[in-house]
Amino acid sequence: MASSASETPGTQRGVGQTIRTVTVHGSAFECGKMYGEQVAPLIHRNLTASTDRLRGIEQLWSTCMAIVNEVYIPGLQKYWPRGYEELSGMAEGADVDLDDLVLLNARDDLNQILPQVAHGDIWWEDIDPDDPRGYGKFLLGQRLIVNHIWQPDGDNCSSRARRGVVLCPVKPERCPDECTTAFFLGPATQNRNVISAQNWDKARRFDDPDFIINLEVQPTDDRPAMLITTEAGMLMGSGMNSAGMAVTWSSMKSQRDFVPVDHEDPQGNKIRCKPRPMLPFPFLRRMLLEGWNMKDVMDGFTEIPRHLSGNMTVADKHGTAFTLEIIPNEIYRVEPITVPFLLHTNHFLNHHSTYRIPGTADRTNMLDSARRLNAAEEELVCPKFLGNVTPDRVVEIFSGHRQGPLSLCKHGREDDLSAVKTVAFVMYNLTKMEAFVCKGPPCSGVITKSDL
Ligand SMILES: [Zn+2]
């Protein structure tokens with residue numbers, strides 16, 4: 001794979017650091033071990049930064065470790081043994097415990113449910129409860145078709161969630177909203193290229209630019225090669241593979257999200273939940289990226305149990321692209337029908353899950369999410385741009401600052417740990433098999449180009 005920092009779309013930039021690429025090859029275990037050995041000090045630092053505060057709050061820590069050991073590790077062994085092998089290799093290479101690594105990978109998922117656990121409010125105490133919340137205006141141009149994939153939910157805790165026993169609070173969640181994704185199909189772009197892009201946003205609490213890396217995986221088994229932008233110690237953020245597919249994501253929260261083990265809720269009630277194998281979202285995304293085509297990626301995917309909501313956007317070089325709005329019991333495939341692009345932030349675009357099914361209310365901070373979506377959409381529906389999108393233009397859209405602190409490109413107040421910041425930008429030209437990755441906000445960072 002060839003990389004360069006100067007062949008960037010747009011003008012020369014140079015404020016931030018150039019992203020580091022870690023290259024691994026071999027079997028899943030060998031890839032993991034190589035990864036662990038190459039960035040061991042960074043993995044140790046990331047583990048400390050991600051878990052230190054949590055370790056100090058006994059009830060939260062024990063609940064998270066129960067989820068890791070009784071839900072996620074059995075989930076890996078049952079549904080994604082190759083991922084289990086890769087993590088085992090990384091644990092050996094970096095000399096860390098496997099359960100700590102799984103916790104690190106699932107950190108953002110676990111953060112989403114901590115408010116449902118006793119003392120979970122302590123975790124978010126530095127978020128201003130007077131933050132403006134409310135609904136943005138409605139979408140301008142996106143007209144969407146929704147394919148509802150119903151899933152039977154068996155006898156697990158989520159069926160109790162459906163009956164209202166362990167529902168999350170209806171109020172918008174106090175966790176920050178994170179990430180904007182987009183894909184542009186041929187008719188949207190100047191050269192009829194398929195482009196997929198994402199701003200990766202996260203709370204400043206977990207931001208250390210050193211942790212953001214490119215992981216290039218060259219498997220010797222039957223998987224495609226992958227270029228993944230992630231954090232040291234993690235197996236997935238967003239990525240592109242050598243089959244011309246890209247996977248990006250944004251966080252989502254619904255009332256269906258639940259804690260998949262016995263725990264105590266903030267009111268002191270004992271909530272019973274028999275653990276069963278499930279996977280957190282980063283592993284689900286990585287499984288999608290390991291497919292050779294859309295059929296591969298969707299085969300069996302919908303059957304893997306989850307306890308959270310989230311959005312994954314999948315696109316391929318042939319112009320097949322959709323976004324999956326996932327809640328624990330259901331998946332909605334959302335596609336554009338009147339415009340050749342799709343933008344996604346953090347609220348549900350399909351209205352089925354929000355209104356049709358009782359107890360599936362969106363818990364997103366709609367003000368921020370809807371504003372970001374509308375800001376990008378206003379740029380795109382302008383006839384001057386639609387049909388004329390270029391990689392430069394995509395960078396420009398994702399660098400937008402029009403909505404102040406709620407803009408697409410987020411910088412977040414330095415003294416506010418809960419403020420959300422854009423920590424990386426990725427753009428994949430799937431027609432040309434080119435990846436552009438920027439560490440830090442796209443408005444000012446160094447964009448590195450890689451060819452797969
Ligand atoms: Zn910016």
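This is a predicted model: local features need pLDDT of at least 70, side-chain atom pairs count only at pLDDT 80 or more; totals for chains, interfaces and linings use all residues.

Analyst: Let's start with H5, where Leu101, Val102, Leu103, Leu104 and Asn105 are buried. Numbering runs from 1 along each chain as its sequence is written.

User: What do the buried residues of H5 pack against?

Analyst: They pack against H2, H3, H4, H9 and helix H6 (107–113). Those labels are DSSP runs numbered from the N terminus, with helices being H or I of at least four residues and strands being E of at least two. The protein has 13 helices and 18 strands.

User: Why are H2 and H5 called roughly perpendicular?

Analyst: Helix H2 (residues 40–55) packs on H5 at an angle of about 70°, with the axes 10 Å apart. Roughly perpendicular means 65 to 115 degrees, whereas under 35 is roughly parallel, over 145 roughly antiparallel and the rest oblique. H2 and H5 are therefore roughly perpendicular to each other. (The axes are lines fitted to C-alpha atoms over the stretch in contact, and angles run from 0 to 180 degrees between N-to-C directions.)

User: Which residues of H2 and H5 meet?

Analyst: On the H2 side they are Asn46, Leu47, Ser50 and Thr51, and on the H5 side Asp100, Leu103 and Leu104. "In contact" means that C-beta atoms, placed from the backbone, lie within 7 Å. The H2–H5 contact residues split into 3 nonpolar, 3 polar and 1 charged.

User: What makes up the contact of H4 with H5?

Analyst: H4 (residues 81–94) and H5 (residues 98–105) pack at about 115°, axes 9 Å apart. H4 brings Leu87, Ser88, Met90 and Ala91, and H5 brings Leu98, Leu101 and Val102. That contact has 6 nonpolar residues, 1 polar and no charged. Here Asp, Glu, Lys and Arg count as charged, Ala, Val, Leu, Ile, Met, Phe, Trp, Tyr, Cys and Pro as nonpolar, and the others, Gly among them, as polar.

User: Why is H9 described as largely enclosed?

Analyst: In H9 (residues 281–289), 9 of the 9 residues are buried, so the helix is largely enclosed by the rest of the structure. Among these buried residues are Phe281, Phe283 and Leu284, but also Arg285 and Arg286.

User: What about Asp201: buried or exposed?

Analyst: Asp201 has 27 C-beta neighbours inside 10 Å, so Asp201 counts as buried. Asp201 is found in strand S5 (residues 195–203). Leaving out residues up to four places away in sequence, Asp201 touches Glu178, Cys179, Lys410, Val420, Lys421, Thr422 and Val423. Pro441, 240 residues away in sequence, is 9.0 Å from Asp201, C-alpha to C-alpha.

User: How does Ser444 score?

Analyst: Ser444 has 14 C-beta neighbours inside 10 Å and counts as partly exposed. Ser444 is in the loop between S17 and strand S18 (447–451). From Ser444 to Ser399 is 45 residues in sequence and 8.4 Å in space, C-alpha to C-alpha.

User: Which residues touch the most other members of the largest nonpolar core?

Analyst: Tyr72, Phe183, Val314, Phe341 and Met427 do, in a core of 116 residues. Helix H3 (residues 58–79) gives the most to this core, with 8 residues. Beyond its neighbours within four places in sequence, Phe341 contacts Ala182, Phe183, Phe184, Leu185, Ala188, Pro336 and Leu380. For the whole protein of 452 residues, 52% count as buried.

Methods: Two residues are in contact if their C-beta atoms, placed from the backbone, lie within 7 Å. A residue is buried if 20 or more other C-beta atoms lie within 10 Å of its own, exposed if 12 or fewer, and partly exposed in between; C-beta atoms are placed from the backbone. A nonpolar core is a set of buried Ala, Val, Leu, Ile, Met, Phe, Trp, Tyr and Cys residues joined through C-beta atoms within 7 Å.
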